[in-house]
Amino acid sequence: MQKGKFITIDGVEGAGKSTQIKFICDYLEAKGINVVLTREPGGTDLGEKIRELLLSTTTKSMHSDSELLLMFAARNEHIHHKIIPALEKGDWVLSDRFTDASYAYQGGGRGLDIERIEHLEHWVLKNFTPDMTLLLDIPVDLGMSRVESRGEKDRIELEDLDFFERVRQAYIDRSEKYPQRIKLIDSSKSREHTSAQIEKILEIL
Ligand code: TMP
């Protein structure tokens, strides 16, 4: 039985997830909540190995279906070995990305059939969904300019701007489809402006 809350944070590259994750952890911990911070793909030993395969630029060709299946294989490990046990203990879990990223990147970006993603989601997660998803939204060119300044790009970051425009649109579409769960946050301005929007949402959680 789930006692803690499951929060996910997602968005296109360069939207400022890392900074806001720190803000969220500090905010919740100040309220006496024990937060388990994790990420996708990754979060478990096997999941981190799968992440390496997925993001390495030495992995030359990967079929989009294989990419999707690897994301869900890592996710299956993640929920069974990390997320659900933590929630059952009463901890809160904050995941840097989750299933919405598969809809955005593999669905929107790669153009995979949404029904196949839904099928996998149902198979792996049944009805397990985040209590709240914070979707950081930023124009693609602005986000990518932040990525450029970070240095070397991973296999997915090497995609072109059109790919990330489709990813962004797919995220926005999902926030419109699930307005109760997915909160769209404008992260194109200062980090303080983004944090203030997040704080308002966390206050009512
Ligand atoms: P990041 O978490 O450091 O941003 O990197 C993870 C990358 O993996 C990012 O480009 C988004 C991508 N990704 C997918 O394509 N599908 C997924 O389901 C997940 C969780 C991530």
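Predicted model: local features only at pLDDT ≥ 70, side-chain atom pairs only at ≥ 80, totals over all residues.
Start with the open sheet: it has 5 strands in the order 2-3-1-4-5, and the pairing is parallel. The edges belong to strand 2 (35-39) and strand 5 (182-186); each has a single partner strand, so one side of each has no neighbour in the sheet. On average, neighbouring strands here are turned by 20° against each other, ignoring direction. As background, strands in a sheet pair through backbone hydrogen bonds, and the pairing can be parallel or antiparallel.

Now look at strand 1 (residues 6-11) and strand 4 (residues 132-137): they run parallel and are joined by 5 bridges.

## Asp96 in strand 3

Asp96 sits in strand 3, which covers residues 92-96. Is Asp96 buried or exposed? With a relative accessible area of 15%, Asp96 falls under the 20% cut-off, so it counts as buried.

The side chain of Asp96 makes a polar contact of 2.5 Å with the side chain of Lys17. Setting aside neighbours within four places in sequence, Asp96 is in contact with Ile9, Lys17, Ile21, Thr38, Arg39 and Glu40.

## Helix 1, inside and out

Lys17 also turns up among the buried residues of helix 1, along with Gln20, Ile21, Ile24, Cys25, Tyr27 and Leu28. These residues lie on the same side of helix 1, because they cover an arc of only 165° around the axis. The general rule behind such patterns is that an α-helix has 3.6 residues a turn, so residues three or four places apart point the same way.

What covers that buried side? The cover includes strand 1, strand 2, strand 3, strand 4 and helix 8 (191-203). Turned away from the buried side, the other face of helix 1 carries the exposed residues Ser18, Lys22 and Ala30.

How does the length of helix 1 (residues 17-30) work out? Its 14 residues, at 1.5 Å a residue, should span 20 Å, and the end C-alpha atoms are 20 Å apart, so the two agree. After helix 1 comes Gly32, which has a positive phi, near 85°.

Conventions. Residues numbered from 1 in each chain as written. Heavy atoms only, no water. Pairing = 2+ DSSP bridges. Helix = DSSP H or I, 4+ residues; strand = E, 2+ residues; numbered from the N terminus. Axes fitted to C-alpha atoms, helices over the stretch in contact; angles between N-to-C directions. Buried < 20%, exposed > 50% of the residue type's maximum accessible area, 1.4 Å probe, protein only. Polar contact = N/O pair within 3.5 Å; in protein donor to acceptor, adjacent residues only side chain to side chain. Contact = heavy atoms within 4.5 Å. Expected span 1.5 Å × (residues − 1). Arc of directions from axis to C-beta.
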